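Please prepare a briefing on the model shown below.

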Number of protein chains: 2
Amino acid sequence: MREFYTITELTREFDISTRTIRFYEDEGLIRPVRRGRTRLFRPSDRHLLKQILRGKRLGFSIAEINEIVQMYKDPPGEAGQLRLMMKRIEEKRATLRQKRKDIEDTLAELDAVDEACIERLAELGVNT
Amino acid sequence: MREFYTITELTREFDISTRTIRFYEDEGLIRPVRRGRTRLFRPSDRHLLKQILRGKRLGFSIAEINEIVQMYKDPPGEAGQLRLMMKRIEEKRATLRQKRKDIEDTLAELDAVDEACIERLAELGVNT
DNA sequence: GCATCAATTGACTTTTACGTCAATATTGTT
DNA sequence: AACAATATTGACGTAAAAGTCAATTGATGC
């Protein structure tokens, strides 16, 4: 495992711009170390970026993604904070289960459309 | 099944604004009938609106949702068109499967965090 | 040590998906 | 028919998530 990645290495790997990565840093999602002014990304930063992009694919906003990635940090030490966090986690899970159901429904409908296309093609095959 | 819904009935049912519905119409996603100038939404329009909002929850853009809902219409009559549509359908399905995987991964990670919280709470219970 | 190439910063712009508001029209009710 | 309530249209505004561009700064090869 490499110690550091440059910003351009990550832009190429994930097909995003430097502007995007800097934007995520400005929003507090990611915090690479610096050598002088230059950003150096640790494997953990790269992993975090992967998680951010995963959240994007699921349609979460930057703010929502921020909430999620904050959860991945060490759990708080105080009981009240812990219970609050667990509540937040359950809320996110509920959102994710809803999305999963939406996906299943959409996939089922697309399957039906696909079937109809196949049938239609068969009819055409018979008629020509 | 009712014959028609007014725009405000739909805004209340789906918790969206009239502006949003008119926007979807402008974008060609939905096409209610008119009595004079007033829009009247058939059950099929209401159903389409449901599908649009489902697409939104999954993070699809209006353009992408448009592609999907066009697929629900009657399949084209020409073989070439049919094959093209089937290709598009498979692309959407691939996107949806990716999203589903993203969800499973995120859920697994949140489960792990939740476990850690439970453990941490147990430790606190012992110590106090 | 100097050129050059990559990286940073800040400012401004763009696109998407609506929100807001004012002026006008339509509908339902009494 | 009058009038309140609801709907439409058009124009302009806005927040989020970057894109673009120009001016510097820093790093690297020779």
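How do the residues of the surface near DNA strand D divide into nonpolar, polar and charged? They divide into three nonpolar, nine polar and seven charged, where Ala, Val, Leu, Ile, Met, Phe, Trp, Tyr, Cys and Pro count as nonpolar, Asp, Glu, Lys and Arg as charged, and the others, Gly among them, as polar. This is a predicted model, in which local features need pLDDT of at least 70 and side-chain atom pairs count only at pLDDT 80 or more, while totals for chains, interfaces and linings use all residues. Residues are numbered from 1 along each chain as its sequence is written, and chains are lettered from A and ligands numbered from 1 in the order in which they are written.

**DNA strand D**
- Two or more residues each come from helix 2 (18-26) of chain A and from helix 1 (7-14), helix 2 (18-26) and strand 2 (38-40) of chain B (DSSP runs numbered from the N terminus: helices H or I, at least four residues; strands E, at least two).
- Helix 2 of chain A gives the most, with three residues.

**DNA strand C**
- Of the 20 residues around DNA strand C, the nearest are A:Arg39, B:Ser17, B:Gly36, B:Ser61 and B:Ile62.
- Helix 2 of chain B gives the most to this surface, with three residues.
- The surface near DNA strand C comprises four nonpolar, nine polar and seven charged residues.

**Contact between chains A and B**
- Chain A and chain B each bring 32 residues to the contact (C-beta atoms, placed from the backbone, within 7 Å).
- On the side of chain A that touches chain B, helix 5 of chain A gives the most, with 25 residues.
- That side of chain A divides into 18 nonpolar, three polar and eleven charged residues.

Note on methods: A residue is near a molecule or strand if its C-beta atom, placed from the backbone, lies within 6 Å of it. Two residues are in contact if their C-beta atoms, placed from the backbone, lie within 7 Å.
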